[in-house]
Amino acid sequence: VFESFGWDVRFLSQDSGRWYFVDDDVDVLISLLDRYDLSRVVCGNGLLVKVAWLRNWFERWVGRPYFMMYDLVLCSSSLACDFVSDATGKECILFPIATDTGMFNEDVQSSNDFSCDYCFTGSYWDAKREIIDYLNPNDLDYKFNLYGANWEKIEKLAPYHKGFINYNQVPELYSSTKIVIDDANHVTKQWASVNSRVFDALAMGRLVLTNGTLGNDEIFDGEIKEGCFRKSYI
């Protein structure tokens, strides 16, 4: 998006070991991670605009000693905006996640490799997820594909685990399914922060089934189907 306005965009990777070294000709620095320590940034531009985009872990963000160094704060939900403003006194701008319609659209071709009736993309990091408790693919007469890391650890879901796929493969997956499950996790659900998979799937014209009630109400006026993954929804 920025490039379409004539901006030069650069990505700073933590793995490079140089993500605190910002070139002097950079005008705006956007951080998507609370652990990015602004106090360590080296840049000769004294007018550098520092932007924080908060999409989860809001308590961690406001607890960082360098948080007040940000010039602009963007939050993915109104609840988060209110929380951050109350905790820090900073004015926040509502800025939800969206999708790239150049990648996600109804013109993407389907693939037999990804063909299924419903799917979920997301990883398991030993934290509680409602999809584990409420989704029982064995009880459903429909094909389920599960993508992400570590699902082999969950006995009832392991047979449906198809491994990890890159984000650039997700449009082809969504084009090859009927329903996309959104399992909002514990760091986003309570804050009405909607995951990108919801926007991506909707842009593909797919039905979304979500447990993110607050986000559904705030962003979509409650129009997305909600529930506990029961057979009647498939």
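Colleague: In this predicted model, which residues form a nonpolar patch on the surface, and what is their accessible area together?

Modeller: The patch on the surface is nonpolar and consists of Val-1, Phe-2, Phe-5, Trp-7, Val-28, Ile-30, Leu-32 and Leu-33. One of these residues, Val-1, lies in the segment before strand E1, which spans 28-31. Together, the residues of the patch have an accessible area of about 790 Å².

Colleague: Is Val-1 buried or exposed?

Modeller: The relative accessibility of Val-1 is 81%. Exposed means over 50% relative accessible area. Val-1 therefore counts as exposed.

Colleague: How many aromatic pairs does the structure hold?

Modeller: Rings of Phe, Tyr and Trp pair if their centres lie within 6.5 Å. The number of such pairs in the structure is 18.

Colleague: What is the geometry of the aromatic pair formed by Trp-53 and Phe-95?

Modeller: The two ring centres are 5.3 Å apart, and the angle between the planes is 80°. Planes over 60 degrees apart count as edge-to-face. The pair of Trp-53 and Phe-95 is accordingly edge-to-face.

Colleague: How many residues apart in sequence are the parts that this pair ties together?

Modeller: Trp-53 belongs to strand E2 (residues 49-54), whereas Phe-95 is in the loop between strand E4 (92-94) and strand E5 (118-121). Trp-53 is buried, at 16% relative accessible area, and Phe-95 is partly exposed, at 39%. Because of their places in the chain, the pair ties together parts whose separation in sequence is 42 residues.

Colleague: How is the aromatic pair of Phe-104 and Tyr-167 classed?

Modeller: Phe-104 is in the loop between E4 and E5, and Tyr-167 is in the loop between strand E6 (144-147) and helix H4 (170-175), so the pair links distant parts of the chain, 63 residues apart. Phe-104 is buried at 0% relative accessibility, whereas Tyr-167 is partly exposed at 43%. With 5.6 Å centre to centre and 50° between the planes, the pair is tilted.

Colleague: Which side chain does a polar contact join to that of Thr-121?

Modeller: Thr-121 is placed in strand E5 and is buried, with a relative accessible area of 14%. At 3.0 Å, the polar contact joins its side chain to that of Tyr-174.

Conventions:
Residues are numbered from 1 along each chain as its sequence is written. This is a predicted model: local features need pLDDT of at least 70, side-chain atom pairs count only at pLDDT 80 or more; totals for chains, interfaces and linings use all residues. Side-chain values use heavy atoms; hydrogens and water are left out. Patches are made of residues with over 30% relative accessible area and no salt bridge: like charges are joined within 9 Å, nonpolar side chains (Val, Leu, Ile, Met, Phe, Trp, Tyr) within 5 Å. Accessible areas come from the Shrake-Rupley method with a 1.4 Å probe; for residues, only the protein chains shown count as cover. A salt bridge is a side-chain nitrogen of Lys or Arg within 4 Å of a carboxyl oxygen of Asp or Glu. Helices (H or I, at least four residues) and strands (E, at least two) are DSSP runs, numbered from the N terminus. Buried means under 20% relative accessible area, exposed over 50%, partly exposed in between (1.4 Å probe, protein chains only). Rings of Phe, Tyr and Trp (its six-membered ring) pair if their centres lie within 6.5 Å; planes under 30 degrees apart count as stacked, over 60 as edge-to-face and the rest as tilted. A polar contact is a pair of N or O atoms within 3.5 Å; within protein, one must be able to donate a hydrogen and the other to accept it, and residues adjacent in sequence count only if both atoms are side-chain atoms.
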